[in-house]
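Work through the exercises below with the sequence and the model open. Each task is followed by a solution in steps.

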Amino acid sequence: MQKKPIKHKNPKLSATVLSADKLGLDKRTLPHSIVEIISTLNKAGFDAYIVGGGVRDGLLGLIPKDFDAVTNARPHEIKAIFGGRCRIIGKRFQLAHVYSGRELIEVATFRAPPKDDTHTTDDGMITRDNVWGDITQDFSRRDFSINALYYQPIKGEVLDFCGAVTDIKNRTLRLLGDAKIRIEEDPVRLLRALRFKAKLDFDFDKALAKQFNDTNWTLLEQVSAHRLYDETQKMFTGGYLAPLLPLLYQYGAMGSLMSHAKSEPTHFALQVAKNTDERIASDKTANPAFFYAVLLWDNYLYALAKFKKKGLPFYEAQHKASCQVFDVQRKKTAIPRFAEDFISDIWFMQPKLANPKPKEMGRLILQGKFRAGLDFFIMRESYDDNPLSEPTNGMGVWWQRYLAADVAGQSQMLSALGGAVNGTRRRRGKNKDIDTDAELLQLQKLLGRDDDKVDDAPKPLLVVDNANMPKNILPTPKTRQVHVPTFEWRTYDQSDFIKLLNNDEPYIPSVRYRKRKPSSTLSIKEREQGLTESDLQSSASNPTTTKTQPAQHQKTRRQKPKQQQKTTQDAIMPKPKKRKKPNAKPRAKHDD
């Protein structure tokens, strides 16, 4: 059976126009960035309002963290108005991020309900919400009534379509429209309802309270793991984690967010949640990965105990246990890789903090995750009651005293702990029983220094002549005399340089590079025969040598005809005919 499309009724709505001054909203308390963006859109001919938590928190007397704007301008028109200050983001829910100085304002276009079920799942969840509409249709797309107020700071007006001001006074959380359908459209609204309840201390109305059931929590598992991780970041860093954590367990949300979740929060997690809220209240940073390390700590201990029973080395068991925990948790919420590394570093540091080695203290303190690992260790020492957790040996207090002490105090604490850090390092494989003083004496004897006694020197293995003689008695080696040739001094006058300038070729003195005249023109055999140079001169004048010359010419003449014969043979031999191409067409034969 095909699923019937959901029909959204759009009755004609009329807004109640309220005065911002009577509600306690003052334009002067708003930041310049949101007022500048609203006025710029108004000057361009578009309607623009402040919506969401900025208006709600202002009515409750709270300080809003951020402000969101809504307008009837399309995203490409917003981009054309603000130019390079605008960046369009999102596929499922397209938005425009506009920068005003260093502040970022999120500007959205009026939404309308989907026309058909093209971009909805079988369970009714909307997968794409980029249907543009007017302000009345945008109101019907809002989730909670307390977030459906439209504030125009330029005119000083507040538009109320559903009695949202009354719900804020009564401190009631109410979904607009049919609560079941609104949860099916976006199951993340269940988490948002719990966040608002913990932050504002509001109560659910009857229709919303019925939606916290197993069926809707199953729908939440269809949401992207990346989006659920973003929601957990808002929960852990909002400043209201201590009241929110029991609600997540009470209404059954932790089963959809954490793997192997328990039925109630641990004492360790509750105390860390309180400390996190205190840090945020004092304007300090809070890393959501730290609270993930607390929530997944029990899962890590169970996995570590399982791998240790298999006989694996401790470090390998730690690594495999953390990887197994992250692989299972990644199906619920997509924790980034850098956050996983942060969590695993905190876990791996716990045994090192419980049993510190004095020689490794410097490297341990210089690690980037040392402060987070130490905070985790101190909280464990006071509030961790898991039986699989290794004892801290009371080192949490010791670490706090050590970091607060000066250099002299730290060295005393290290010496009391087990030895000074500046001791000499022992090489691997070196025997502990060897006396270093005896080794130094033996080296001095082998070196044969002047201040050592000759009689105490060890006997050498190889006996060499004059080896034991003193240095001043040893015979000096004879110096070898080398004959150094002397050269005649040559000087050049002005005429030599004039010749060098007038000559195109480089001038090389003849004396420097003269050719050596041979001492004799006779060969070795001729010398053995007893011939002289006069005999060679007489034989050169003998006419027999002239007969040999024509013979050489005859040989060359005889070779020439051979070449001529080759050329004549080439002329007689017919040239080969060119072969026809295989694809060539045959010539047509004509009958004579």
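**Exercise 1. Is F161 buried or exposed, and is Y150 buried or exposed?**

Solution. Step 1: F161 has a relative accessibility of 13%, so F161 counts as buried; buried means under 20% relative accessible area, exposed over 50%, and partly exposed in between, with a 1.4 Å probe and protein chains only. Step 2: Y150 is at 0% and therefore counts as buried too.

The model is predicted: local features need pLDDT of at least 70, side-chain atom pairs count only at pLDDT 80 or more, and totals for chains, interfaces and linings use all residues. Residues are numbered from 1 along each chain as its sequence is written, and side-chain values use heavy atoms, with hydrogens and water left out.

**Exercise 2. Describe the aromatic pairs formed by Y150 with F161 and by W297 with F376.**

Solution. Step 1: a pair of aromatic rings is described by the distance of the centres and the angle of the planes. Rings of Phe, Tyr and Trp (its six-membered ring) pair if their centres lie within 6.5 Å; planes under 30 degrees apart count as stacked, over 60 as edge-to-face, and the rest as tilted.

Step 1: the structure holds 22 aromatic pairs. In one of them, Y150 and F161 are 5.8 Å apart centre to centre with 85° between the planes, an edge-to-face arrangement. This pair links distant parts of the chain, 11 residues apart: Y150 is in strand β7 (residues 149–152) and F161 in the loop between β8 (157–160) and α5 (164–170). Helices (H or I, at least four residues) and strands (E, at least two) are DSSP runs, numbered from the N terminus.

Step 2: the ring centres of W297 and F376 are 5.2 Å apart and the planes stand at 70°, so this pair is edge-to-face. Here W297 in helix α15 (residues 297–309) is joined to F376 in helix α19 (residues 370–383), 79 residues away in the chain. Both W297 and F376 are buried.

Step 3: W297 and F376 belong to one aromatic cluster, which also includes F268, F290, Y300, F326 and W347.

**Exercise 3. What does Q350 touch, and which backbone oxygen does the side chain of Q350 reach?**

Solution. Step 1: locate Q350 in helix α17 (residues 337–354). Its relative accessibility is 4%, so Q350 counts as buried.

Step 1: leaving out residues up to four places away in sequence, Q350 touches W297, G373, F376, F377 and R380; contact means heavy atoms within 4.5 Å. Step 3: the side chain of Q350 reaches the backbone oxygen of G373 at 3.3 Å. This is a polar contact, a pair of N or O atoms within 3.5 Å; within protein, one must be able to donate a hydrogen and the other to accept it, and residues adjacent in sequence count only if both atoms are side-chain atoms.

**Exercise 4. Which residues of helix α2 are buried, and what do they pack against?**

Solution. Step 1: in helix α2 (residues 53–60), G54, V55, R56 and D57 are buried. Step 2: the buried residues of α2 pack against β2 (48–51), β7, α5 and α7 (189–200). Step 3: just after α2, G61 takes a positive phi of about 80°.

**Exercise 5. What is the average pLDDT of the protein, and where is the pLDDT below 50?**

Solution. Step 1: pLDDT is the predictor's confidence in each residue, from 0 to 100. The protein averages 80, and 73% of the residues score at least 70. Step 2: stretches below 50 include residues 1–8, with 10 contacts in the model beyond near neighbours in sequence, and residues 545–558, with 2 such contacts. Step 3: where pLDDT is low, the predicted coordinates should not be read in detail.
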